[in-house]
Structure formats: structure tokens, C-alpha cells
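Please read the following report alongside the sequence and the coordinates, with attention to domains, helix packing and backbone geometry.

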Amino acid sequence: MGNDLRKKRPAVPRTPMLERRPEERVKDFGEVPLGYSPEEVKLEAVRCLGCKNKPCKSGCPVGIDCAGFVKRVSEGDFTGAIKLVKEKNILPAVTGRVCPQTEQCEGSCILGKKGDPLGIGFIERFVADWEREHGEVLPDKAPATSRSVGVVGSGPSGLTVAADMILLGHEVTIYEALHEAGGVLIYGIPEFRLPKDIVAAQINSLRRLGVVIKVNQVIGSTLTIDELLTIHDVVFIGVGAGAPAFMGISGENLIGVFSANEYLTRSNLMRAYRFPEWDTPMNPGKRVAVIGGGNVAMDAARTALRLGAEEVSIIYRRSREEMPARAEEIRHAGEEGIVMRLLKAPRQILADSSGHVAGIELLDMVLADADASGRRRPIPKEGTEHILEADTVIVAIGGHPNPTIARTTPGLDVDSRGYLVVDRQTMATSKARVYAGGDIAGWGANVIKAMGDGRIAAGAMQELLTR
Amino acid sequence: MTEIIDKIALASDVFLMRLKEPLIAAKRRAGQFVILRLSEKGERIPLTIVDSDPNIGTITIVFQVVGKTTSLLSSMKVGDHITDVVGPLGRPTEIEEFGSVVIIGGGIGIAVAYPIAKAMKQSGNTVISILGARSANLLILEQEVRAVADEVIVTTDDGSLGVKGFVTDSLKRLLDSRKIDLVVAIGPVPMMKAVSEMTRPYSVKTIVSLNPIMVDGTGMCGACRVMVEGRIKFACVDGPEFNGHDVDFKDLAMRLTAYRELEKTALAMYRGRH
Ligand SMILES: Cc1cc2nc3c(=O)[nH]c(=O)nc-3n(C[C@H](O)[C@H](O)[C@H](O)COP(=O)(O)OP(=O)(O)OC[C@H]3O[C@@H](n4cnc5c(N)ncnc54)[C@H](O)[C@@H]3O)c2cc1C
Ligand SMILES: Cc1cc2nc3c(=O)[nH]c(=O)nc-3n(C[C@H](O)[C@H](O)[C@H](O)COP(=O)(O)OP(=O)(O)OC[C@H]3O[C@@H](n4cnc5c(N)ncnc54)[C@H](O)[C@@H]3O)c2cc1C
Ligand code: SF4
Ligand code: SF4
Ligand code: FES
């Protein structure tokens with residue numbers, strides 16, 4: 001059967017992954033795509049051409065041998081496949097779900113030239129889920145070294161450093177400011193896109209390997225980096241860039257205006273959607289306007305819908321082509337009835353008499369020709385002001401670094417925007433024995449890139465420790 | 001998990017607790033706070049660190065029962081454990097030798113004012129403290145403040161103790177009668193606003209400590225944003241203390257009402273069960 005399929009190769013469409021119907025899924029926080037069956041995953045895997053020069057591998061920021069693991073899947077060797085993936089990526093169940101595949105591995109896939117690229121993310125997700133359900137393949141741990149590693153922040157970059165260093169036999173302690181480990185994977189990305197169990201399972205397996213996780217520790221305050229350097233031989237900083245940006249327009253402090261971080265944190269980390277059973281309150285809103293076009297905006301909008309909003313809009317100042325969100329999220333949001341108001345920018349937020357949001361004034365935009373950065377710049381069309389009624393506005397226009405660590409760590413260089421300066425070859429900071437990576441090191445904010453940084457840092461730290 | 005070492009009722013619905021938190025006790029400075037969460041499903045609430053004893057590793061908090069979380073905390077006993085305590089958060093008070101410093105605490109704000117008075121005195125300032133309460137039985141920490149201040153003026157709204165009237169009346173008399181180098185005011189928003197308005201024509205620098213609603217307390221959510229000099233500041237990392245002459249108090253008062261109805265629901269349900 002494989003041979004028949006191969007002859008007709010380019011014409012064979014991607015094996016679809018079953019998804020819950022939009023009308024049904026917006027009523028709860030359950031996951032949307034349901035995963036492949038073993039038959040479906042093999043059907044998809046055999047579409048791979050096994051290209052010699054492996055463009056898919058170059059498309060993946062951490063260089064996963066996609067063709068290699070996909071071939072094992074097509075042969076039914078799921079254990080072999082997951083082993084190969086995990087050589088490069090400790091969180092495949094996460095990346096399979098949240099990587100921007102269309103710009104990375106799948107964006108480089110040859111099959112995509114004539115039809116659908118191979119569903120690499122779907123296959124990766126399948127093998128990772130299969131492993132979790134069939135007993136984890138725990139890697140071997142090197143003998144204990146009595147060297148000690150401190151990791152600040154428990155997002156994907158920190159978790160990667162912790163995993164690599166514990167397997168090399170070192171002692172590892174993670175310090176996390178919040179009361180739960182996982183970083184954005186816990187407080188940011190919602191359950192319907194990344195079930196919390198998956199992140200928890202990964203964190204538990206790190207604990208089983210011996211990683212100590214200390215929550216409620218704000219480094220720079222509870223303990224400083226200099227103090228960590230007296231306890232540990234090396235320190236990795238992976239604190240993300242979580243300080244939310246605001247637009248600086250009038251009305252931004254009205255009741256009903258949230259940063260996406262606050263909205264998502266109340267819902268995800270504090271489970272406000274279960275108020276009053278859980279204590280943290282939230283007014284999710286009935287008519288919600290979300291500003292931004294990235295994953296964060298999609299997550300906030302779809303969360304609002306699930307919290308009972310009647311009308312949710314996404315307001316984005318460029319067109320759909322420029323939206324930085326994953327293609328799948330934009331599609332899901334559209335299917336769920338979220339209105340995309342494109343080429344519009346907010347001018348001000350309007351209040352009712354009691355200081356609550358009553359609406360938002362928008363201005364139409366046109367796109368100028370691409371500038372030096374290759375991005376088309378939006379310019380306002382004067383005289384096009386109009387009002388969108390809303391009771392809730394969620395600002396999802398990105399973030400910047402939190403200053404707490406830089407302020408309290410002499411000798412740690414930051415750039416003009418507050419990101420830590422690192423040597424890209426080693427992820428070493430300007431301070432001896434201190435490394436950094438992920439969003440705080442300011443290079444393309446995404447999960448797999450943060451993990452890639454962690455991997456590089458772990459390699460360089462190992463070299464330092466064994467020198 | 002953090003153990004409650006000590007619990008004392010200071011006034012009706014106001015309690016003092018000492019908590020075992022050696023790391024925080026060693027680090028905290030005047031003006032800083034902790035965030036605590038009482039249980040797995042609990043809310044995160046900010047409370048000022050009123051005092052600490054680094055030798056035995058304890059911090060002191062003083063809280064007023066206003067809603068569900070503070071009610072629950074007031075029902076906990078010595079030996080019980082609090083699920084999460086994180087800190088010290090916020091920027092410490094800038095303590096220098098200013099000269100004559102007036103430190104005003106209104107209501108529960110006295111708990112926040114006391115550590116500042118103590119630190120100011122230790123750095124060689126002359127400390128005059130004005131403590132305001134609605135009525136004598138609601139006045140807290142008077143003896144503690146007396147132990148560190150050079151002079152203490154007590155005012156009550158109903159005249160049941162000290163001078164009858166508002167703290168601003170006493171402040172005005174001080175401003176008119178001697179040279180004051182710094183005023184620190186902590187209490188309800190209208191009080192901090194009134195104090196800031198009063199000192200403005202005298203050009204006396206005035207520090208206030210703001211209490212917006214907080215979630216994480218680490219600078220990640222922006223819930224605690226306040227307008228200072230027309231710009232957004234996050235009270236948990238840029239504050240909680242700001243120059244009162246630059247603060248938009250109207251904005252702060254409005255934002256504090258955001259969850260009023262839901263807070264009432266939570267408290268009513270809690271009381272219904274207890
Ligand atoms: C809503 C949302 C949706 C996203 N969707 C996607 C997606 O679909 N695909 C994708 O690839 N990427 C996505 N991203 C981006 C991605 O999550 C981040 O790029 C990635 O998590 C960065 O990892 P990190 O290791 O730098 O740390 P983070 O995940 O940012 O975690 C940092 C951790 O450090 C802790 N911390 C901060 N300061 C301190 C301190 N002083 N002391 C101790 N701990 C501290 C924080 O509490 C946090 O837990 C999304 C981001 C958000 C917010
Ligand atoms: C930096 C800072 C230091 C503080 N220090 C003290 C202190 O030392 N002693 C003390 O008694 N109180 C202090 N507070 C206020 C205290 O945090 C609130 O009283 C507490 O969160 C109320 O929780 P609740 O669940 O009992 O009441 P809720 O039902 O949540 O609220 C009751 C009332 O308290 C206000 N409130 C609610 N949540 C917060 C919040 N997160 N922050 C501020 N106000 C809130 C609301 O406006 C509401 O009217 C401080 C607040 C801040 C920001
Ligand atoms: S980690 Fe992401 S980019 Fe790399 S192969 Fe997996 S899904 Fe593709
Ligand atoms: S580019 Fe596509 S078809 Fe070619 S090997 Fe990679 S995944 Fe397979
Ligand atoms: S409480 Fe979240 S940023 Fe200050």
C-alpha cells in the first residue's frame with residue numbers, strides 16, 4: 001500500500017487530525033485537536049519523501065532529524081522515533097502542539113511546494129503522547145559529580161538546562177518566582193491548546209530525575225544572583241520577558257482593560273474561570289476586544305469566548321498575512337466565531353460614567369510598501385475614526401524584560417531595551433559563571449528557540465564544569 | 001509551606017501574625033511586602049512586612065479583615081501553615097538623613113507606616129508620627145510607634161482618643177509651625193490624596209505607599225498599574241512608594257473598585273459556610 005501511495009505522492013493530502021466541533025469546544029477548556037490514532041499517524045508518515053538534504057531538519061531551530069523520526073513512525077517504531085526526537089527536544093508534546101511549524105520544519109518541507117507539507121508537528125505530538133501513555137523512556141543518568149547548577153525560571157529554557165545538567169550527573173535546583181513551575185506554559189498558554197497535565201508530567205519527570213524545584217523565590221530579591229553563585233558552580237537565567245507592554249493611549253487604566261498576561265494568568269494560573277470555588281475573581285466580559293495579532297492575542301480571545309463572552313474581536317493593524325500567530329490558531333479562532341478586525345488601530349478607550357470600558361475608538365490603516373526590515377508598515381487613514389462597543393479590552397501587544405535581576409546583579413550587561421547580552425555560541429553573559437537564554441536573551445520569542453538556547457547553554461556550562 | 005508562629009488580635013478585625021520565613025526575614029527592608037496564598041485554590045494577596053527578626057527567622061504581618069482571604073487568614077491558628085509566601089517584593093523605602101520627617105498612618109496604614117518610622121529613626125531623622133483612626137478601639141500599634149518616634153500625635157474621627165479630627169488637621173499645624181523636610185503618608189486613598197494636596201503649596205516632598213490590586217507581584221501582569229507623572233508604573237516593582245505629588249489618585253481609587261461585586265460574593269459565600 002505504501003508503494004501505491006508513493007506513486008501518487010504529491011496529490012495525497014495531509015491526513016487530517018480530528019478536532020472538536022467549534023460549537024462544542026467553546027463551551028469548555030478541553031483540547032481542540034484530538035490527536036492521531038496509530039493508523040492515522042502511519043498514514044501521514046508514509047507521505048514523507050525522505051529527502052536527502054533534509055530541508056525539514058534545517059527548518060527546525062534545534063535541528064531535529066524529522067525525516068529520521070518520521071521514517072521510524074512509518075515503520076511502527078514509536079519508541080525509536082521518540083528517542084530520536086528527544087535527543088534534541090525534551091518537550092516534544094509541547095512543541096508538537098505549539099511550534100509555529102508553518103514557519104519552521106513544515107515551512108521547509110518539499111511536499112509543501114506542490115501540496116500540503118508533511119504534518120511533522122502532528123507526528124511529533126503523536127509520539128510524545130504515545131510515550132506519556134505507554135511509560136516514559138527515562139534516559140540514563142551519568143554518575144554524580146558533586147557539581148551544582150542553579151537555574152532561575154522554570155520556563156522551557158530553564159527546564160531544558162535542568163534536564164541536560166541532571167543527566168550529566170550534576171545537582172540541579174530551579175528557582176521559580178510563582179507558586180507553580182512551567183513559565184508561560186503554565187500561566188500563559190491556555191489548557192485548550194496545551195493541557196496542564198502535559199507540562200506537569202514533564203516537570204514531575206524532572207523531579208524524579210532529582211531536580212529540586214523551589215517555588216516562591218524571586219531571584220534578585222529573595223536571593224540574588226551573587227548569592228546563587230556562592231551556592232552553585234554555575235547559574236542559568238531563563239526568566240522570560242514577561243513584563244506586559246501597554247499602548248499609551250487614553251483610557252488604558254479603565255476597569256475592564258487587562259494586559260493579556262493578567263487575563264490569562266487569572267484564568268490559567270489562578271483558575272478564575274472556576275470562581276468562586278477558586279478564590280481569584282474575574283470579570284471576563286461580554287463584548288471583548290483584543291488588541292494584537294500574535295499567539296497571545298488568539299489565546300486571550302479564545303479564552304474570553306470560553307469564559308462566556310458573546311462577541312469577541314481581534315483588532316490588528318496589519319492584514320491577515322502579517323499576523324504572527326500560528327496559522328492553526330488563526331483558523332481555530334475564526335471557526336469559533338472570533339471576528340477579525342484587520343487594518344485597524346485603537347485610538348482611545350472610552351468610559352461609561354462609572355469608569356468601566358464602554359467602547360474603543362478605532363482608526364483604519366493602510367499598508368505602506370515594505371521597509372528595510374521587510375515588514376509593511378501600517379499608516380493611519382485620517383478621518384476613518386469609528387467606535388466599537390466593548391466592555392472589556394485586552395492588550396496583547398507584547399512584552400519586555402522585567403528589571404529585577406539586572407537591577408540587583410552587578411556586572412550583568414543588558415542592552416538598551418533591558419535584554420541580557422549573551423554570546424550566542426555559548427549563551428554566556430558578561431558575568432563569569434552566569435549563562436542566560438530564552439526570551440530574556442531577546443532572540444525570537446518562542447518555545448523551541450528558548451529550548452535551543454537552553455541546550456547551547458548546558459553544553460557550554462558542561463565544558464566549564466569539566467575543564 | 002510557612003508556619004504561623006504567633007497570632008495576636010490588635011483591634012476588632014485586625015490581627016498581627018509572625019511567620020517563619022528565614023530567607024525573607026534576612027532580606028526585607030522597610031517598605032517591602034510579601035504575597036501570600038492560603039491554599040491551593042486561594043487568591044494571592046499582598047501584605048506589608050511590618051517587622052522581622054533575622055535571628056529567629058520570622059517576619060511580622062498585620063492585616064485587617066476585609067474580604068474572603070483575610071477572613072480565612074484570621075481563622076488560622078498558631079502552628080497552622082500557609083501554602084505560599086513570596087517576597088520580599090517591591091522597592092524598599094529610600095531611607096536617608098532627611099531631617100524632620102512626619103510619618104502619617106491612617107487605619108491599617110499604620111502597619112505600613114511603622115517600619116518606615118523605625119527605619120527613618122535609625123538613620124538619624126527626627127520622626128514625628130501622626131496616627132489616625134476612626135475611633136480609639138481601632139487604633140493599632142500605638143506603643144510600637146511611640147517606641148521609635150520622637151513625637152506621636154493621635155487623632156480620631158470621633159474624638160474618642162487624642163485630637164478629634166483628621167490627620168490633615170494635625171499635619172497643617174505642623175507645617176505651619178516648623179520646618180518639615182519629608183512627609184510620608186499611608187492610609188486610605190482619600191487620606192493620601194488630601195495629604196499630598198496639603199503639602200504641595202509648602203513644597204515638602206511627600207511619599208505615599210499605594211495599594212492597587214495585585215496578582216503576581218513580580219511585574220508580570222500589570223494589574224497593579226498606577227499613573228505617576230502621567231506614565232504607567234507597576235506598583236509591585238516600581239513602587240509601592242511614589243511621590244504623592246505625581247500620583248493620579250482618582251485613577252487609583254477607580255481601579256480599586258474593579259472587583260467589588262465579586263469580592264462581596266466570595267465573602268458572602270465564605271461567611272455562609274463558616
Ligand atoms: C499567551 C502566550 C502564548 C504563546 N504561544 C506560543 C506558541 O504557540 N508557540 C510558541 O512557540 N511560543 C509561544 N509563546 C512564547 C513562549 O511561551 C515563550 O517564548 C517561552 O515560554 C519563553 O521561554 P523562557 O524559557 O524564556 O521562559 P518563560 O516561559 O517566559 O518563563 C520564565 C519563568 O521565569 C520566572 N521568573 C521571572 N522572573 C523571575 C525571577 N526574578 N526569579 C525567579 N523566577 C523568575 C517566571 O515566573 C516564569 O515562570 C507564547 C507566549 C504567551 C505569553
Ligand atoms: C503593597 C500592598 C501592601 C498591603 N499591605 C497591607 C497590610 O499590611 N495590611 C492589610 O491589612 N492590608 C494590606 N494591603 C491590602 C490587602 O492586600 C487587601 O486588603 C487584601 O488583598 C484583601 O483580600 P481579601 O480577599 O480579604 O478581600 P477582597 O474581597 O479581595 O477585597 C476587599 C477589599 O480590599 C481591596 N483589595 C482586594 N484585593 C486587593 C489587593 N490584591 N491589593 C490591594 N487591595 C485589595 C478591594 O478594593 C476590596 O475593596 C496591602 C496592599 C498592597 C498592594
Ligand atoms: S521542534 Fe518544532 S520546529 Fe522542530 S521539528 Fe518539532 S515541531 Fe518542527
Ligand atoms: S522535507 Fe518533507 S518530505 Fe522531505 S524529508 Fe523532510 S519532511 Fe520528509
Ligand atoms: S501585580 Fe502583576 S505586575 Fe504588579
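## Basis of the model

This is a predicted model, in which local features need pLDDT of at least 70 and side-chain atom pairs count only at pLDDT 80 or more, while totals for chains, interfaces and linings use all residues. Residues are numbered from 1 along each chain as its sequence is written, chains are lettered from A and ligands numbered from 1 in the order in which they are written, and side-chain values use heavy atoms, with hydrogens and water left out.

## Domains of chain A and chain B

Chain A is assigned domain 1 (2–134), domain 2 (148–242 + 401–465) and domain 3 (243–398), the bounds coming from an automatic or database domain assignment. The C-alpha centres of domain 1 and domain 2 of chain A are 28 Å apart, and 21 residues of domain 1 of chain A are in contact (heavy atoms within 4.5 Å) with 21 residues of domain 2 of chain A. The size of an interface is often given as the accessible area lost when the parts come together. Between domain 1 and domain 2 of chain A about 1,800 Å² is buried, 76% of it on carbon and sulfur atoms; buried area here is the accessible area (1.4 Å probe) that two parts lose on being put together, summed over both.

Chain B is assigned domain 1 (2–89) and domain 2 (100–256), and the C-alpha centres of these domains of chain B are separated by 21 Å. In chain B, 19 residues of domain 1 are in contact with 19 residues of domain 2, and the two domains bury about 1,500 Å² between them, 67% of it on carbon and sulfur atoms.

## Helix pairs in chain A

Two packed helices are described by the angle between their axes and the distance between the axes. Axes are lines fitted to C-alpha atoms, for helices over the stretch in contact, and angles run from 0 to 180 degrees between N-to-C directions; helices (H or I, at least four residues) and strands (E, at least two) are DSSP runs, numbered from the N terminus. In chain A, the axes of helix H5 (residues 66–74) and helix H6 (residues 78–86) come within 7 Å and cross at roughly 165 degrees. H5(A) and H6(A) are therefore roughly antiparallel to each other, given that angles under 35 degrees count as roughly parallel, over 145 as roughly antiparallel, 65 to 115 as roughly perpendicular and the rest as oblique. The crossing of H5(A) and H6(A) is left-handed, a term used if the near helix is turned anticlockwise from the far one by less than a right angle, with right-handed used if clockwise. Their contact involves A:Gly68, A:Phe69, A:Arg72 and A:Val73 of H5(A), together with A:Phe78, A:Gly80, A:Ala81, A:Leu84 and A:Val85 of H6(A). By class, the contact of H5(A) with H6(A) comprises 6 nonpolar, 2 polar and 1 charged residues, where Ala, Val, Leu, Ile, Met, Phe, Trp, Tyr, Cys and Pro count as nonpolar, Asp, Glu, Lys and Arg as charged, and the others, Gly among them, as polar.

Helix H10 (residues 156–167) and helix H12 (residues 196–209) of chain A have axes that come within 10 Å and cross at roughly 30 degrees, which makes H10(A) roughly parallel to H12(A). The contact joins A:Leu159, A:Ala162, A:Ala163, A:Ile166 and A:Leu167 of H10(A) to A:Ile203, A:Leu206 and A:Leu209 of H12(A), and its residues divide into 8 nonpolar, no polar and no charged.

## A helix pair in chain B

Helix H5 (residues 167–177) and helix H6 (residues 189–199) of chain B pack at an angle of about 20 degrees, with their axes 10 Å apart. H5(B) and H6(B) are therefore roughly parallel to each other, and their crossing is right-handed.

## Backbone features

Most residues other than glycine have a negative phi, and most peptide bonds are trans. A cis peptide bond joins A:Phe275 and A:Pro276, with omega about 0 degrees, and A:Pro276 is found in the loop between helix H14 (260–267) and strand E7 (287–291) of chain A.
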